[in-house]
Amino acid sequence: MDHLESPMILFIEPFYGASHRALVDGLRERLDLPSALLSLPPWKWKWRMRAAAPVFHLTEPALEHEYDVLFASSFLNLAELLGLRPNLRRARKILYFHENQVIYPTLEDSERDYHYIMTQITSALAADQVLFNSEFNRSTFLDGIRTFLKRMPKPRPDTAPDIIAAKSQVFRVPIEAPPASQAWPDSAKAPMILWNHRWEHDKNPEDFFLLIRQLKASGTPFRLAVIGESYRYAPEVFGQAEKEFADEIAYWGWRESREEYWSVLHESQVVLSTAHQEFQGLSVMEAVTCACIPLLPKRLVYPEIYPEEFLYSSPGDALRKLRAMLASPEQFDTETLRSNILDDFSWDLWLERYRDIICPCPDPIL
């Protein structure tokens, strides 16, 4: 397929970590096209959304250049940057949603700042293409902003959801197959439960450790690997759990080495999520590609991706299924699930789709 020849791409990622970084790095490595990257560290996300546009405007000489494509995550106030840098308006503007602020969980509902929702609405209006990592993400954003806009006094931008919907698509964050490993679950040891999610409140560690506490009280033997990425301020429950489950903990804390990270995943038997927020769930996918059995809430993005046997509908259902997964892992078809995840979320499948939308074929001459 013939594409526009060698477009110059500007990637802007105000939250350069986790899936945000994985997508940008993966595209830059594989597209084999000239590109530049502007990024900020992946913490203090509220400040990133508020300040990224003026920070880049005032500090990045790269913005003085001309670009054919601008690819940014929704952590950027795209409309604001285009106002500050009119030379970027001619570029093809692609906005990627890893999450959306309409349903992103807050500790208290009163803490929800509607300015973040408006930032994402205006950014999506300013973009030429709007991409979401799941249909769950796309539909909750579009349905949510329809409700949200009704809060506003008239006149309102009531047509915004339809305009955004017309230029939106679901594009997954692709994943890589894990490296081969000799670290498989050891039948001589108690089976290991994995937490490889971020140590933050939206991943709901309180319910995770409550379930682990109930599992221990039931007398079921297990080991624990809590290796998700943590930041300066982690929820207090992690410090409490490190003491409470000292006898069960096999691995604790972030693995700086990717080789060691993959090794722990290969050694684990069940990856458990109790998340309040998940729009695609790369950490669970990575564990599944290492033959872990996923145990996931029957909500968020999970029913879009995983069969019923891996979902739970209540805390009691979660405990029952967790005990079954630890006692008889062979009854769960992880090989088919692993194969499906590797196929449906592979770079082999998605790279050309990204190429087509980043540098589409020119219109034929009639």
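Is Arg198 buried or exposed? In this predicted model, Arg198 is buried, since its relative accessible area is 18% and the limit for that class is under 20%. The side chain of Arg198 takes part in a salt bridge with that of Glu200, with an N to O distance of 2.2 Å. Glu200 has a relative accessibility of 26% and is classed as partly exposed.

The pair formed by Lys216 and Glu248 is a further salt bridge, in which the closest N and O atoms are 3.3 Å apart. Lys216 is partly exposed, at a relative accessible area of 33%, while Glu248 is buried, at 14%.

In the structure as a whole, 23 salt bridges were found. One of them joins the side chains of Glu304 and Arg172, at 3.1 Å from N to O. Distant parts of the chain are linked by this pair: Glu304 is in helix H11 (residues 302–305) and Arg172 is in the loop between strand E6 (168–170) and strand E7 (192–195), 132 residues apart. Glu304 is partly exposed, with 31% relative accessible area, and Arg172 is buried, with 12%.

Aromatic pairs were also searched for across the whole structure, and 25 were found. In the pair of Trp195 and Phe238, the ring centres are 5.7 Å apart and the planes lie at 75°; the pair is therefore edge-to-face, as the angle is over the cut-off of 60 degrees. Trp195 lies in strand E7 and Phe238 in helix H8, and the pair links these distant parts of the chain across 43 residues. Trp195 is buried, with a relative accessibility of 0%, and Phe238 is likewise buried, with 2%.

A second ring pair consists of Phe209 and Trp252, whose ring centres are 6.5 Å apart and whose planes are at 35°, so this pair is tilted. Phe209 is in helix H7 and Trp252 in strand E9, distant parts of the chain that are 43 residues apart. Phe209 and Trp252 are both buried. Through ring pairs, Trp195, Trp199, Phe208, Phe209, Phe238, Phe245 and Trp252 are linked into a cluster.

Helix H7 also holds Leu210, which is partly exposed at a relative accessible area of 38%. From C-alpha to C-alpha, Leu210 is 45 Å from Leu31 in space, and the two are 179 residues apart in sequence.

The packing of two helices was examined next. Helix H1 (residues 18–31) and helix H14 (residues 347–358) have axes that come within 11 Å and cross at roughly 80°. H1 is therefore roughly perpendicular to H14, a class that covers angles of 65 to 115 degrees. On the H1 side, the contact is made by Ala22, Leu23, Gly26, Leu27, Arg30 and Leu31. On the H14 side, Trp347, Leu351, Tyr354, Arg355 and Ile358 contribute. Sorted by class, the residues in the contact of H1 with H14 are eight nonpolar, one polar and two charged.

Note on methods
Residues numbered from 1 in each chain as written. Predicted model: local features only at pLDDT ≥ 70, side-chain atom pairs only at ≥ 80, totals over all residues. Heavy atoms only, no water. Salt bridge = Lys/Arg side-chain N within 4 Å of Asp/Glu carboxyl O. Helix = DSSP H or I, 4+ residues; strand = E, 2+ residues; numbered from the N terminus. Buried < 20%, exposed > 50% of the residue type's maximum accessible area, 1.4 Å probe, protein only. Axes fitted to C-alpha atoms, helices over the stretch in contact; angles between N-to-C directions. Parallel < 35°, antiparallel > 145°, perpendicular 65-115°, else oblique. Contact = heavy atoms within 4.5 Å. Nonpolar A, V, L, I, M, F, W, Y, C, P; charged D, E, K, R; others polar. Phe/Tyr/Trp six-rings, centres within 6.5 Å; stacked < 30°, edge-to-face > 60°.
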